[in-house]
Amino acid sequence: MADAPHGLVFPVDPADSEGRRSTTATGRGVAADALRPVDAVGARAVERETAWRTQYLTWFRRLVEAGLATPDDAVAVARAGLDSLHSRMRVVEREGDVPLADWPRSSAGFGQVEMHGAGERVEELVLPYRGERLRGDDVRRQVERWVEAGVVEPTMAEAVDAVVAHPEWLRLEDHTVAVVGAGSEMGPLQALTRWGARVAAVDLPREDVWARVSDTAVAGAGTVVAPAVDGRPGADLLADVPALADWLAAQPGTLVLGNYVYADGATNVRVSTAVDELSRRLLEARDDTALAFLATPTDVFGVPGEAVDQALARYAGRGRASKGLGRPLRTLSGGRLLQRPYAGPADPGLNDSLVPQQGPNYALAKRLQRWRATTARYDGRLVSMNVAPPTRTRSVVKNRALAAAYAGAHRFGVEVFDPSTSNVLMAAMLVHDLHTGGGPRHEHPWQDEAYAAAHGGLWRTAYSPRSALGLAALLGVGGARG
């Protein structure tokens with residue numbers, strides 16, 4: 001790893017003669033352990049995988065596929081994956097690495113700073129969209145247009161309609177929402193403060209981050225509190241989980257722990273594991289703790305049969321020019337380009353929108369969050385876990401290949417959202433879930449994940465998403481540069 005090891009780290013690879021910390025060995029081991037309770041053959045195959053960084057796509061797909069048979073299978077995969085990661089990760093102490101489970105409690109806790117909004121509270125859902133600010137029935141109509149275009153699942157309409165009909169929900173009375181990753185573009189900090197909510201903001205002790213958070217807090221109409229040392233806000237998730245758990249456990253009202261963290265490369269797994277350990281401790285400390293997550297649409301999901309049918313109908317209904325172009329492209333690419341979206345009708349179907357440019361560490365970090373959502377909901381805890389739309393965030397557009405693919409995605413029926421639209425829409429979904437017991441309960445975890453999913457069209461497009469990615473990038477090069 002590039003940064004000096006501190007706090008929560010990957011384990012040393014015993015097979016490495018130089019004692020290096022291996023993300024590959026950890027990711028492969030976690031995937032094998034997660035499969036083992038329901039797919040022993042798959043687990044053994046993962047253990048023998050010698051090209052993890054290129055072949056992980058196959059195994060992250062299998063992790064979802066193996067859990068589709070029964071709800072118990074899905075929960076077993078999630079529990080085994082969580083247990084494996086927690087048993088493997090280590091914490092650097094003066095005397096050496098210690099197991100994550102033995103992370104000692106800090107001798108000194110956090111103080112607290114408070115920031116109070118001076119703005120006027122927004123008392124209705126206002127959705128920014130393409131230069132407009134939609135309200136009331138205009139919000140409902142826009143969501144219906146997304147449904148008709150296959151950009152979001154139909155259940156999104158009923159969820160948003162409930163929030164529009166209950167503007168009093170927005171303030172989240174008697175809640176404290178911990179926004180972990182307060183500076184995140186996809187996080188709900190700005191929306192929640194505008195609605196008058198109480199937010200516990202957690203992010204690194206960096207002046208630029210807290211300048212933005214402070215500006216957002218003052219412009220809003222709520223209260224923002226933050227952990228602080230000597231009056232300076234901020235915390236290092238990689239080192240401060242025990243102290244953060246104590247600080248958050250003391251917050252008033254129903255506690256909502258929202259995970260909006262992101263980091264590049266292997267650090268993404270480290271900070272995601274830190275938030276998961278924070279979640280585990282708070283679930284143990286407070287029986288009113290709720291969890292909130294945003295799932296990336298570029299992952300593998302079980303999807304409703306109706307979505308499969310629409311995608312297959314779109315594939316069959318391609319125009320003559322598209323069909324004519326598709327044949328030589330598939331031949332020249334060895335069958336990799338413009339593949340059918342699904343092998344055939346299925347309920348559930350399996351949508352594979354994993355993007356190789358994001359890498360195995362990103363996939364593991366995001367899958368970890370889904371596993372925690374699955375197990376917590378199964379254990380009776382309130383969970384808000386929503387598939388967020390493809391969004392032009394800074395972390396996406398700095399990757400040239402992804403930026404180009406997103407710029408060309410509209411040619412394949414995929415809508416990429418602006419951050420201002422995504423974070424308000426997802427904040428509204430959080431509000432919906434917190435007032436409806438986490439949303440409707442379903443028999444199988446894949447159905448909970450599919451509810452109101454805003455996948456941008458990836459589940460219903462005419463082509464397998466990854467098979468269209470390269471062509472979308474080629475077509476979008478000019479737009480990405482712009």
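At what angle do α4 and α10 pack, and how far apart are their axes? In this predicted model, where local features need a pLDDT of at least 70, side-chain atom pairs count only at pLDDT 80 or more, and totals for chains, interfaces and linings use all residues, the angle is about 110 degrees and the axes are 11 Å apart. Residues are numbered from 1 along each chain as its sequence is written, and side-chain values use heavy atoms, with hydrogens and water left out.

Two packed helices are described by the angle between their axes and the distance between the axes. Here the axes are lines fitted to C-alpha atoms, for helices over the stretch in contact, and the angles run from 0 to 180 degrees between N-to-C directions. Helices (H or I, at least four residues) and strands (E, at least two) are DSSP runs, numbered from the N terminus.

α4 and α10 are therefore roughly perpendicular to each other, given that angles under 35 degrees count as roughly parallel, over 145 as roughly antiparallel, 65 to 115 as roughly perpendicular and the rest as oblique. L82, L85 and H86 of α4 make the contact with T273, D276, E277 and R280 of α10, where contact means heavy atoms within 4.5 Å. By class, this contact of α4 with α10 has 2 nonpolar, 2 polar and 3 charged residues; Ala, Val, Leu, Ile, Met, Phe, Trp, Tyr, Cys and Pro count as nonpolar, Asp, Glu, Lys and Arg as charged, and the others, Gly among them, as polar.

## Two further helix pairs

Helix α9 (residues 237–249) packs with helix α10 (residues 266–285) at an angle of about 25 degrees, and their axes are 9 Å apart. That makes α9 roughly parallel to α10. In this pair, L237, L238, V241, P242, L244, A245, L248 and A249 of α9 meet R270, V271, A274, V275, E277, L278, R281 and L282 of α10, and the residues of the contact divide into 13 nonpolar, no polar and 3 charged.

The axes of helix α1 (residues 23–35) and helix α2 (residues 40–47) come within 7 Å and cross at roughly 170 degrees, and α1 and α2 are therefore roughly antiparallel to each other. On the α1 side the contact is made by R28, A31, A32 and L35, and on the α2 side by A40, G42, A43, V46 and E47. Sorted by class, this contact has 6 nonpolar, 1 polar and 2 charged residues.

## Cavities

A cavity is, on a 1 Å grid over the protein atoms alone, a set of points where a 1.4 Å probe fits but cannot get out, and its lining residues have an atom within 4 Å of a point. Grid points are joined across faces, edges and corners, and a volume is the space filled by probe spheres set on the points. The count comes to 7 cavities of 30 Å³ or more.

The largest cavity has a volume of about 230 Å³, and of the 18 residues that line it, A409, V414, L458, P465 and L469 are the closest to its centre. α18 gives the most to this lining, with 5 residues, and the lining as a whole divides into 14 nonpolar, 3 polar and 1 charged. The second largest cavity holds about 200 Å³ of space and is lined by 16 residues, of which L63, V64, A74, R370 and E449 lie nearest its centre. For the second largest cavity, α13 supplies the largest share of the lining, 4 residues.

## Backbone details

Most residues other than glycine have a negative phi, and most peptide bonds are trans. A cis peptide bond, with omega of about 5 degrees, joins D347 and P348, and P348 is found in the loop between α12 (320–332) and β14 (349–352). L172, a residue other than glycine, has a positive phi near 50 degrees, and L172 is found in the loop between α6 (155–165) and β7 (175–180).

Conventions
On a 1 Å grid over the protein atoms alone, a cavity is a set of points where a 1.4 Å probe fits but cannot get out, and a pocket is an open set with protein on both sides within 12 Å along at least five of seven lines; lining residues have an atom within 4 Å of a point.
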